[in-house]
Amino acid sequence: MPFYKTFLNKLSLVFGASLLCLILASCASLGDFFLNKSPKESQKTNIQTQTQKPKFKLVYIKTAMFRFYDYGILDVEPNEIKLELFQLGKSIGSIRVKKTKICFLNDCAPKWPAAKNFFGKVSYGDLFDDILLGKDIFGGIGKQIGPNDAMIQRFQKSGEIIFYERKPGHVLFRNMSTGVAISIDDYDEVTNPPEQE
């Protein structure tokens, strides 16, 4: 009998601890529970953590309509991708990509015509989105794994040669035929310190 009671006591302790862990894990946030946040506030906090934090980037853009080489801040939100551009430490405007339009500095246009003006005839409406987010372009054609686990797409489309490389912290799009290029690299002050005198 004592063995049976000891076994039941241990079993109920394990079951109780498991149930407590399950209850705590099902809560959105234990901190929200103790801070008396409403469910709407908790949900808003969760949505904010799903969006990426703005990242400081080194940006190079060379197109027929726009040339830029300096720093930028990439901010990815659910309804908009924003690339704030800086020159000599001052904001000169931004490139904002929304669901149906792209705004370059102060000029906005529907996505497909804007992409065609920006990239040339070899483009599509969501090309700029895909480059900023580091996704496959043109359905992933010509994709291969390069050195250092970089994903590379090299292909020919409508007589133009496209090269696209991406890995964590680095994206490079280059139309080898027209010279259009976009390069976006993470800027890390530790790895890129200012020159010492």
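Predicted model: local features only at pLDDT ≥ 70, side-chain atom pairs only at ≥ 80, totals over all residues.

Q: Is N148 buried or exposed?
A: N148 is exposed, at 65% relative accessibility. Exposed here is over 50% relative accessible area, buried is under 20%, and partly exposed is in between, with a 1.4 Å probe and protein chains only.

Q: Where does N148 lie?
A: In the loop between β7 (143-145) and β8 (151-157). Strands are DSSP runs of E, at least two residues, and helices are runs of H or I, at least four residues, numbered from the N terminus.

Q: And what's its phi?
A: Phi of N148 is near 55°, a positive value in a residue other than glycine.

Q: OK, what about L88, buried or exposed?
A: L88 counts as exposed, with 79% relative accessibility. L88 is in the loop between β3 and β4 (90-97), and has a positive phi of about 55° without being a glycine.

Q: Switching to the strands: how does β1 pair with β2?
A: Antiparallel: 8 bridges join β1 (residues 55-62) to β2 (residues 67-77). Pairing needs at least two DSSP bridges between the strands. The two make a hairpin with 4 residues between them, and K62 sits opposite R67 in β2.

Q: How many bridges between β2 and β3?
A: 6, and β2 and β3 (residues 80-87) are antiparallel too. That hairpin goes through 2 residues, and L74 has L83 in β3 as its bridge partner.

Q: Which residues touch the most others in the largest nonpolar core?
A: I95, F119, F128, I131, I137, F173 and I182, out of 33 residues in that core. A nonpolar core is a set of buried Ala, Val, Leu, Ile, Met, Phe, Trp, Tyr and Cys residues joined through side-chain atoms within 4.5 Å.

Q: What is I95 in contact with?
A: Leaving aside neighbours within four places in sequence, the contacts of I95 include I61, L83, L85 and F128. Contact means heavy atoms within 4.5 Å.

Q: And overall, how many helices and strands?
A: The protein has 5 helices and 11 strands, and 33% of its 197 residues count as buried.

Definitions and conventions: Residues numbered from 1 in each chain as written. Heavy atoms only, no water.
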